[in-house]
Amino acid sequence: MMLQDGPVQLLCLTANSGVPLFTRGSSKPLPFSVIGSLNGVHMFGGGQGVSLLSCGTGGGGKVVWRVFKDSVMLIAVSGGQRSESSLTEEELYLQRLLDNVWGCMVLVLGQDEIVTLRNVERLKRDLRACFSLIDLLLEERQQSIMGNLTHCADSLLPPNPALLQEAMAGFAQAADSECGCLVIHGRIAAATEKWCHLMPQEVVLLLALIKTLSKSGSSSCDYPVFLPQTSPTVALRLLRFQLLPGADVCVLCGPTPSLHRAESQLLCQFWSPLVDSLRDCLAIGERCLPPSVTQRQDVLSLMLINRETHRSFSCVRAPSHQPDPVLPSRARCWELLKLFYIFSVTRYFHQEDSPFEEQTRSSSDDFLQGFSHQPQQCYLVTEECKCYGLQTSQHQLFLLLPLSVPTFALRSVANQTLSQIVTSTGF
Amino acid sequence: MSSGRSTQSPVIGRQQKEESGSENEGRKSDGESSYCSSNDLEPEWLDDIQKNGELFYLELSEGEEDLALTRANAHQQVSTNHVRFSEKEAEILTEQHKKQHSNSRAKGTATLKRLAKILRRKRRSTLRKGKDVPASILKNQSGQRHGGTVQKQLKEVCVYLNPKRLSALSVPLFEDGGLLEALLGVIHRPSWDSDGMRREDRLTIHGLVPNTPAAKCGDILIGDVLVAMDDVDVNSENIERVLSCIPGPTQVRLTLETLVPVDNAGADDAFEARRMKSSPPVSQLVRLLWGEDTAELQMSIEHIPHIVMYLSLKLDSASPQDEEEILYQYPVSEASRQLKGVRGIFLTLCDMLENVTGGQILSSSLLLGKHLVHVGYWKENNNLLVIGLPAERVPLLYLQTVMGDVVRTLKVMYSSLDSAFLEADHTPRLDHFFCLFFQQLIQPSRLREGHPVPPMDTSGTLFLDGLPAVRWLTLPPEIKMEVDTVLSDFESSDFGEMSEDYFGLRRMYVILGSCLFYKSYLIANHLPKEDLLDVSLYCQHYLLLPLSWEQRVGQLVVWREVFPQQRATAAPGFNTPQGRYFLLIVGLRHFMQCVLLEAGGCASPAVGCPGPDSIYVDQVKATLLQLEELEGGIEERLSAPPAPCLSCADWFLPSSSSSSSSSARERLDSLASSSPVLSKLVKSSSSPGYRGRSLFGERSRRPSPQRSLSDSGSEGPEGGVGLGTSRTRGFSPHSSQDSGRRIGARRDSLGSGGSEGSGGSGGLFKSPRKHPNPFHLGTLKKTLTERETDDMYNMKLSSGPDNTLFHFLLMDSVRGVFIAPSHRDVSLLSGSIHPQLITNFHHCCLSIRHAFRQSLPAKGRRGSGRPQSGGWGLGPVKEHGVLFQCTPPNWTDQKKPPPTMTYWVIGRMLLEPIPQEFYVCFHDSVPEVPVEMAFRLSFGLNL
């Protein structure tokens, strides 16, 4: 008997009393008794001064517990299907997921309402507002967005950055806001300077929120948000406008201006002259790089993280049509890229710390600290492809290459790719 | 003195006091010949056999230097002792060095007869050694002592006393010795005046009882006078009272009056030096093996949470007895208190998670205050084994391997977890077992304090012990053949007492096979792989391998019933005979032979719990004595320059001060001149043709052993400064362009394009120069002359002009052996960075091997076509490498940034033609193709 297979199931309970707040992620929720026991073991340990962090089972199952602000307990349960040895990798994924889910709850409801727990029934009702966002995070595994995992905002390098940047700054200023950004296909194409100073995880969550809002089909909306770290108790207004299908602009602002005024007056003023540029951006699509940047033909997919600005961009070059039987498919490439990222950061590279201070010691930390010398680069040769990871003080680069590239050439390919992108785009 | 080589003076004088009428004369030290036994039929280990037939007998011998010193001292001072004391007391004999005594001469002769009898069937040389060596000892000892004076001195000795042992012993207290004899192990015979009055109440030590704290501590000498205990003055009247006040296991400090010679300053110094050196008389490791001192060791890791529990999953709610579900627990101390408190978590999780995720629980992570603890689970029947280990010692990646090894060791020893844990009388043995287990994992360095073995870091211990393989030492073929012959002779059981004709009975045991260790290296193995792994797991766990690395094993006899895992789970279609299996391990000095015996089957079935049969033990000893002849050859191989050659990481970094830089250079020079191999490698050409041929021995360019570095320097500037240039290259961080160019050149030189370099080993065989298949050496080996084989040992693993290889490890999964540079090779290359590099290498290998293991279950899936997306992670990993950067420690120059050195650690898994795993660590200046290196290595060492 197996109650949980495949996808991740998320349980949310109150930390003190163990009242279930919601469960998401599986069509067949776990029986109440199981939920109760999962909560119970953690509470029991807490009484003895032992906090239970995670658990791994044969077949790659994993359970991770986290308590946020002493008020809410989140439990993620992932079923088998993966090989046993990927337990540490799975743990990182689940830890990030719990971080993000908690972030979502705060983003939508504000920290006060969740922490005080005045009325559990009302909280349960209110939490429904974040379900769409949480569901997006849960299914994000299949998508081409890496931010949930890396906690670095996915970006897109537009062909004419200066133009968009200028328009963005002007638009934000006119809307009495310092934070604004242009989102193309869920990635940041241009943003104001202040936006870049938001916490990386907040940006990732806002991008996810914008994605769910634009899915709803409305051309504009005015949504109150709390920023999990910079403003967890005071709500801001998120104004979002659809410029073109796939292209959204948003600003974080105070009480003014009204949505109507911004939409009717400012939008056209700043963005209508740039429609062609926006179309160019949309044309780039998932490639994320302007056509001017030449890339080696044999790179299947790559992800580049700027460790200072906490932005990343990633792309998969495998053709979506007529798949080459030798090369992994497009979807598989995304998956491999994510897996290789997790593999590298759990074992060798520095990873972005979890933004929430409690119980952040993950089991991979001790392994990382066990190295007496600093790992710089690493590679993997699997049966499907070759992976190469590289870390400098400013960047992290992850590459997927076909098996036909000789192993000893991987390093120069990686170095070349990095220097090419950095010099031509200044990323 | 020829006796010095084959005889060992024991640290512990074991006394057989009841055997002769005169007590004081009965003092005798066994093992003055490592073969000697106290009388014809009773070997000295006989008393140690436990009720269930198991035996773990370990006796140490002092190192040879100590022996020589002892002997020198014996000549100078001992006789004085003898004279003086015999005036005062009845028969105080100078047992300071525990030489054998006059009346043991008769026994010794008897033993010799027996020895000779056995050895007669063996080779001449052994016979010779066996015959004259002990005899010479007997002659030499008494006569040649000359005068000197002694003075009395006080010394303090700490011993660990455990009154609880007395009850465990279940032997009635020694009638006359009382607690002094039973607890401490000191024999004191009060002297009486002629009128029957006690003359003296000083506690002169007249003898030591074997296997007691006093005997084991090694610092209490016969003839010493016990003055005080924990600063309380003691005499023969109050000693019993003082001792009876000791409530539980504790350490006491004894103050002893001892005699120190003053006549000869030199001897005095030497004597003192010896005393200083042996001040921890017995290493922690040995004390741990003897099962003493565990309390102290356990105390030192008290602050680190760890636990092992065997829990029952069947909770009987009818009897609400507390802690009933704990079937076994260790340690019972502060370290385990919290973890024991939350055992409910383990039970619940084990019970519940199977239903939730569809898999047995394997591990969980807990945070205890600041300590992150990983808990491993192993469920068997209705019971659950839980082991909690600190995360900083055992990474989660490797927890499963550790669990698997423990469980397998327990199963080998007790056949199943249930039978190991459920029997009450196993508890003390399991306590010892897990004490060793935790000590090894949590403070491995402590166990090996002051040993020649380089202290092993936790990662190294974890990685090397976790490999399903044993460290192998390749021997020159002629020695290897000799060793194999001797072993085969032994295994054929073709000796009188063991043959069926001799007694007309079925033989007791069939020898299934044996393996031979020398200084912790496996040098010959006649066991199937799985049996070898079982045996080596046992040896690893009981630290027998590091033990035999030391000089000090006087005699080791281990006997126990084992349950080899391969034989327990017989393959379908093949019925192994329903026999019982016994493991016999005999160690003599650096040699250790493990023999797997079978009872039942062809041999007579075993009844009850048979103890070790002395005939078999003697035969193994005889075999080992015979092998000692080859020791020279093996030592030579061990002290030979490492093959393949290794570089030290520090050579690639400029030192912070010029003096140490020059010293590094000198060191290199001296090394190069001392080893012709290095100088040869320094200048080995990088042309592909040369490299291709060098594999098979480049005879025309083979340098004579006398050729030094300067010689090669004059030959060609490039070669001579090979290592020098590499050092300067280490200054600058590697530029990508540069490496790209070099990679290109390398590609050309390989003569293979595209992916063949590392994509598969095929490329190597496709190249126009015809390489013979390295893995089928059969025909090739025959044609190789001795000289060529010699050359093969002198190979270089890395390519390019410099030798860039730092470390390597090649594991052959089929034979269950691995090779790696020997301890000596590593210690030879000591620098400030190199040890760090080795630690890092091992740590990284943990990760690499973990990535490989992921691909093993996937092997079955290879036929099933392409992997489904969303399936199983990254998929099978064939090769994995990590590039590390290091800077010299304590860089003093503030103006310049510290120089950096980068190196690769690469692991490669080869599935064909035989599964092998290869781990290598080399400097980053030359791009290497690991598969090619593995090929060179496995070929050159003809594993």
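Contact is taken to mean heavy atoms within 4.5 Å. The model is a predicted one, in which local features need pLDDT of at least 70 and side-chain atom pairs count only at pLDDT 80 or more, while totals for chains, interfaces and linings use all residues. Residues are numbered from 1 along each chain as its sequence is written, chains are lettered from A and ligands numbered from 1 in the order in which they are written, and side-chain values use heavy atoms, with hydrogens and water left out.

Beyond its neighbours within four places in sequence, Trp195(A) is in contact with Glu178(A), Cys179(A), Gly180(A), Cys181(A), Ile188(A), Val203(A), Leu206(A), Cys250(A) and Leu252(A). The largest nonpolar core holds 221 residues, and Trp195(A), Met105(A) and Phe434(B) touch the most other members. Such a core is a set of buried Ala, Val, Leu, Ile, Met, Phe, Trp, Tyr and Cys residues joined through side-chain atoms within 4.5 Å. Buried means under 20% relative accessible area, exposed over 50%, and partly exposed in between (1.4 Å probe, protein chains only). Another core, of 39 residues, lies apart from it; among its members are Val41(A), Val63(A), Ile345(B) and Val386(B).

Chain B has 39 helices and 24 strands. These are DSSP runs numbered from the N terminus (helices H or I, at least four residues; strands E, at least two). Of its 943 residues, 60% count as buried. Among contacts in chain B with a separation of 6 or more, 73% join residues 24 or more positions apart.

Helices α19 (residues 477-491) and α24 (residues 614-627) of chain B have axes that come within 10 Å and cross at roughly 165°. Axes are lines fitted to C-alpha atoms, for helices over the stretch in contact, and angles run from 0 to 180 degrees between N-to-C directions. α19(B) and α24(B) are therefore roughly antiparallel (angles over 145 degrees). From α19(B), Val483(B), Val486(B), Leu487(B) and Phe490(B) make the contact; from α24(B), Gln619(B), Val620(B), Thr623(B), Gln626(B) and Leu627(B) do. Six of these residues are nonpolar, three polar and none charged.

His923(B) lies in strand β24 (residues 916-923) of chain B. At 5% relative accessibility, His923(B) counts as buried. Neighbours within four places aside, His923(B) is in contact with Phe652(B), Thr804(B), Phe806(B), Met901(B), Thr902(B) and Tyr903(B). Its C-alpha atom is separated by 50 Å from that of Glu598(B), 325 residues apart along the chain.

Definitions and conventions
Parallel < 35°, antiparallel > 145°, perpendicular 65-115°, else oblique. Nonpolar A, V, L, I, M, F, W, Y, C, P; charged D, E, K, R; others polar.
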